[in-house]
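Good morning, and thank you for coming. Please keep the sequence and the structure in view while I speak about two places in them.

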Amino acid sequence: MTNTNIILCGFMGCGKTTVGRLLAEKTGRQFVDMDNYIETRQQMTVSRIFETFGEPHFRELETEAAEELAKESNLVIAAGGGTLTVPRNVEILKATGIILMLDTPLSVIQKRLESDTTRPLLQKPNRGAVMEELYNKRLSAYKNAADIVVPADASPQKITATILEQLSTR
Ligand code: S3P
């Protein structure tokens, strides 16, 4: 596990960024949030990228970011919610480290994101139903991509402790 990248995947709002920061601290790794990484490189928010260039362009930027980050080591990477639903991205990131899925119940995510303004895919009427459909469509992709599925209906501290325990057995 020394120097290996740790990649967190899962649906929007599952806790990747919060848990990722804690995990980075505990394992002495640098934390990288892929959305932030893309925003810094593009000098544009994810919302603006979707609005200006469309989702397919954002997906290309995600694959580029995955390729760049895969060259690094000793990172905790919080992937975007869509990143690990793309087989090519799974291939790129799996080659560089271990993939963990944060398995957070849909109801928790729906509550967390009910007033979110930063996720372009959710700025629609009937947000609860939009999330449900996308969540059900993506769940198996996350689980297939992951080396470890972590139950994530707990505090970020508890989830981090569970992850550290799982990683120590590897
Ligand atoms: C997306 C998730 C977002 C961000 C973009 C698209 C998705 O990341 O990449 O809004 O397709 O699920 P978070 O999971 O960090 O919110």
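The lining of the largest cavity is made up of 7 nonpolar residues, 2 polar ones and 1 charged one. Please bear in mind that this is a predicted model. Which residues line this cavity? They are Gly10, Phe11, Met101, Leu102, Asp103, Thr104, Ile109, Tyr135, Leu139 and Tyr142. Two elements, β4 and α7 (127–145), each give two or more residues to that lining. The volume of the largest cavity is about 30 Å³. A search of the whole structure found 1 cavity of 30 Å³ or more.

Where does threonine 96 lie? Its place is in the loop between α5 (87–94) and β4 (97–103). Is threonine 96 buried or exposed? Threonine 96 counts as buried because its relative accessible area is 13%, and the cut-off for buried is under 20%.

What does the side chain of threonine 96 reach? With the side chain of asparagine 5 it makes a polar contact at 2.7 Å. The side chain of threonine 96 also reaches the backbone oxygen of alanine 70, at 3.2 Å. Leaving aside residues up to four places away in sequence, threonine 96 touches Thr4, Asn5, Ile7, Ala70 and Glu72.

Thank you for your attention.

How values were computed. Residues numbered from 1 in each chain as written. Predicted model: local features only at pLDDT ≥ 70, side-chain atom pairs only at ≥ 80, totals over all residues. Heavy atoms only, no water. Helix = DSSP H or I, 4+ residues; strand = E, 2+ residues; numbered from the N terminus. Buried < 20%, exposed > 50% of the residue type's maximum accessible area, 1.4 Å probe, protein only. Polar contact = N/O pair within 3.5 Å; in protein donor to acceptor, adjacent residues only side chain to side chain. Contact = heavy atoms within 4.5 Å. 1 Å grid on protein atoms, 1.4 Å probe; cavity = no way out; pocket = protein on both sides within 12 Å on 5 of 7 lines; lining within 4 Å. Points joined across faces, edges and corners; volume = space filled by probe spheres on them. Nonpolar A, V, L, I, M, F, W, Y, C, P; charged D, E, K, R; others polar.
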